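Notebook open, structure viewer on.

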Amino acid sequence: MKFKYFKHTFSALSSLVIVTSFMSATLSAHSAVLKDGYEDEYEAQGKTYQSLGILEDQYDLIEPENNRFPIISPSSKYDKSYPPLFIGTYGEVEEYFREQGMTDGLPVVPPTKLKAEKFIGYSSYGYDDVVATINGRKVKTYQVTANAIMAGCSPEHLPICIAFTEALSDSNYLNSLKSGKLTPMMYVNGPVANQIGIDNTQGMTTEEANIAIGRFMELALINLGAMRS
């Protein structure tokens, strides 16, 4: 009886080991595809997040084999998406943005085209659609998205970021911010505020959604509102 019980247990464990080994091999192979192919090859083949079958954040968490990120332009001054605006390691990307005056001085998430496409799927705009005209410059969806990615926003925050960008097209509003006497603020109401986790209680500045969207506003003023140009 004990031997029979042991036999069944051993069989179950063996099956588990086989399944686990298969899953590990599959994941390892999948990771290898992601690392070896990277974005240039994906772009050439017309692949997307959906066709790759990966989650929205998995791709950019995996460093490419050569450790270089092809980034799209967050600035309305440069309409350059693909070929990318710049290609470099994470440190080189940060240094490039700082030298170009495109950041607030804090670390940023490299805005790649593939990640931007995932974000834009949460909006009603196309990748190259013009969202607004600010200071005579046409601002495209991918440029808004690049700033949202850099700020640490989640894809579901993009419609809010687009709405703020549209507000910047009002020259009276933008000029009032350029005086330096006013701090830009954004009020979000309705079900969407709860859906994306915006907090309106005491201490709301500690909530991740509030912080990320707030930082997007800062980057948008720099890169889309030409506050430092």
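Predicted model: local features only at pLDDT ≥ 70, side-chain atom pairs only at ≥ 80, totals over all residues.

**Entry 1: rings.** I started with the aromatics and found that Phe86, Tyr96 and Phe97 make up one aromatic cluster.

One of the pairs is tyrosine 127 with tyrosine 142. Stacked or edge-to-face? I checked the planes: they are 10° apart, with 5.3 Å from centre to centre, and the pair is stacked. Next I asked where the two partners sit. Tyrosine 127 is in the loop between helix 5 and strand 3 (130-134), while tyrosine 142 is in helix 6. They are 15 residues apart, and the pair links distant parts of the chain. Are these two tyrosines buried or exposed? Tyrosine 127 is buried, and tyrosine 142 is buried too.

Phenylalanine 164 and phenylalanine 216 came next. Their ring centres are 6.3 Å apart and their planes meet at 75°, so I wrote this pair down as edge-to-face; the cut-off for that is over 60 degrees. Phenylalanine 164 belongs to helix 7 (residues 158-168) and phenylalanine 216 to helix 10 (residues 208-223), so the pair ties together parts 52 residues apart in sequence. I looked up burial here as well: phenylalanine 164 and phenylalanine 216 are both buried.

**Entry 2: a charge over a ring.** Back to tyrosine 127. What sits over its ring? I found the charged end of lysine 113 there, 4.8 Å from the ring centre.

**Entry 3: two helices.** I then looked at helix 5 (residues 113-120) against helix 6 (residues 141-151). Their axes are 9 Å apart and the packing angle is about 100°. That makes helix 5 roughly perpendicular to helix 6, because angles from 65 to 115 degrees count that way.

Which residues meet? From helix 5 I listed Lys115, Ala116, Phe119 and Ile120, and from helix 6 Thr141, Tyr142, Thr145 and Ile149. Sorted by type, the residues of this contact are five nonpolar, two polar and one charged. Tyr142 is on my list here, and tyrosine 142 was also in the stacked pair above.

**Entry 4: serine 76.** Last stop. I found serine 76 in the loop between strand 1 (69-71) and strand 2 (86-88). Why does serine 76 count as buried? Because its relative accessibility is 8%, and buried means under 20%. I also looked up what serine 76 touches, leaving out residues up to four places away in sequence: Arg137, Lys138, Val139, Gln143, Asn223 and Leu224.

Conventions:
Residues numbered from 1 in each chain as written. Heavy atoms only, no water. Axes fitted to C-alpha atoms, helices over the stretch in contact; angles between N-to-C directions. Helix = DSSP H or I, 4+ residues; strand = E, 2+ residues; numbered from the N terminus. Parallel < 35°, antiparallel > 145°, perpendicular 65-115°, else oblique. Contact = heavy atoms within 4.5 Å. Nonpolar A, V, L, I, M, F, W, Y, C, P; charged D, E, K, R; others polar. Phe/Tyr/Trp six-rings, centres within 6.5 Å; stacked < 30°, edge-to-face > 60°. Buried < 20%, exposed > 50% of the residue type's maximum accessible area, 1.4 Å probe, protein only. Lys NZ or Arg CZ within 6 Å of the ring centre and 35° of its normal.
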